[in-house]
Amino acid sequence: LYPMGAHINIKKCSNPQFTGCGGIVIANSPLDPKKPTVILTHDHRGGAIQPKRVVLAREELVELELVL
């Protein structure tokens with residue numbers, strides 16, 4: 001669903017700290033392909049942040065959009 005290396009924005013997440021952030025897909029979850037592992041690179045305002053690895057499969061609610 002989200003190829004490795006794809007740029008994404010987190011539209012909604014059960015963890016509000018991640019909502020609005022942007023990043024890059026680094027792995028897909030075999031349990032739920034709609035919840036990949038990503039490296040967050042931007043905050044909800046679009047500002048660069050210290051890269052952070054996030055396993056979205058651990059979150060109850062995740063809604064992503066692919067950035068083209």
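Start by selecting Glu60: this residue is exposed, with a relative accessible area of 73% (exposed means over 50% relative accessible area, buried under 20%, and partly exposed in between, with a 1.4 Å probe and protein chains only). Glu60 is found in the loop between strand 4 and strand 5 (strands are DSSP runs of E with at least two residues, numbered from the N terminus). Now show what surrounds it: leaving aside neighbours within four places in sequence, Glu60 is in contact with Ser14 and Lys35 (contact means heavy atoms within 4.5 Å). Glu60 and Cys13 are 47 residues apart in sequence, yet 7.7 Å apart in space, C-alpha to C-alpha.

Before you click on, a word about what is on screen. This is a predicted model, in which local features need pLDDT of at least 70 and side-chain atom pairs count only at pLDDT 80 or more, while totals for chains, interfaces and linings use all residues. Residues are numbered from 1 along each chain as its sequence is written, and side-chain values use heavy atoms, with hydrogens and water left out.

**Next stop: Glu59**

Select Glu59, which also lies in the loop between strand 4 and strand 5. Is Glu59 buried or exposed? Glu59 is buried, and it has no salt bridge (a salt bridge is a side-chain nitrogen of Lys or Arg within 4 Å of a carboxyl oxygen of Asp or Glu). The nearest side chain of opposite charge belongs to Arg58, 7.6 Å away (Lys and Arg count as positive, Asp and Glu as negative, and His and the chain ends are not counted).

What does the side chain of Glu59 join in a polar contact of 3.1 Å? Its partner there is the side chain of Ser14 (a polar contact is a pair of N or O atoms within 3.5 Å; within protein, one must be able to donate a hydrogen and the other to accept it, and residues adjacent in sequence count only if both atoms are side-chain atoms). Beyond its neighbours within four places in sequence, Glu59 is in contact with Cys13, Ser14, Asn15, Phe18 and Lys35.

Switch to a cartoon view and find the open sheet of five strands, with antiparallel pairing and the order 4-3-2-1-5 (two strands pair if DSSP finds at least two bridges between them). At its edges are strand 4 (48-55) and strand 5 (62-67), each pairing on one side only. Neighbouring strands are turned by 35° against each other on average, direction ignored (axes are lines fitted to C-alpha atoms, and angles run from 0 to 180 degrees between N-to-C directions).

Now walk through some of the pairs:

- Strand 1 and strand 2 are antiparallel, over three bridges; select Ile8 and you will find its bridge partner, Gly23, in strand 2.
- Strand 2 (residues 22-27) and strand 3 (residues 37-42) pair in the antiparallel sense over five bridges; here Val25 has Val38 as its bridge partner in strand 3.
- Strand 3 and strand 4 run antiparallel and are joined by five bridges; look for Leu40 opposite Lys52 in strand 4.

Follow the chain around the hairpin of strand 3 and strand 4, which has five residues between the strands. Pick out Gly46 there, with its positive phi near 90°.

**Into strand 4: Val54**

Select Val54, whose place is in strand 4. Val54 counts as buried because its relative accessible area is 4%. Not counting residues up to four places away in sequence, Val54 touches Phe18, Pro36, Thr37, Val38 and Leu40.

**Last stop: the salt bridges**

How many salt bridges does a search of the whole structure find? There are two. For one, select Glu63 and Lys12, where the closest N and O atoms are 4.0 Å apart. This pair links distant parts of the chain, with Glu63 in strand 5 and Lys12 in strand 1 (residues 7-13), 51 residues apart. Glu63 is partly exposed at 31% relative accessible area, and Lys12 is partly exposed at 45%.

Then select Asp32 and Lys35, which form a salt bridge with their closest N and O atoms 4.0 Å apart. Asp32 is partly exposed at 24% relative accessibility, whereas Lys35, at 13%, counts as buried.

Note on methods
Helices (H or I, at least four residues) and strands (E, at least two) are DSSP runs, numbered from the N terminus.
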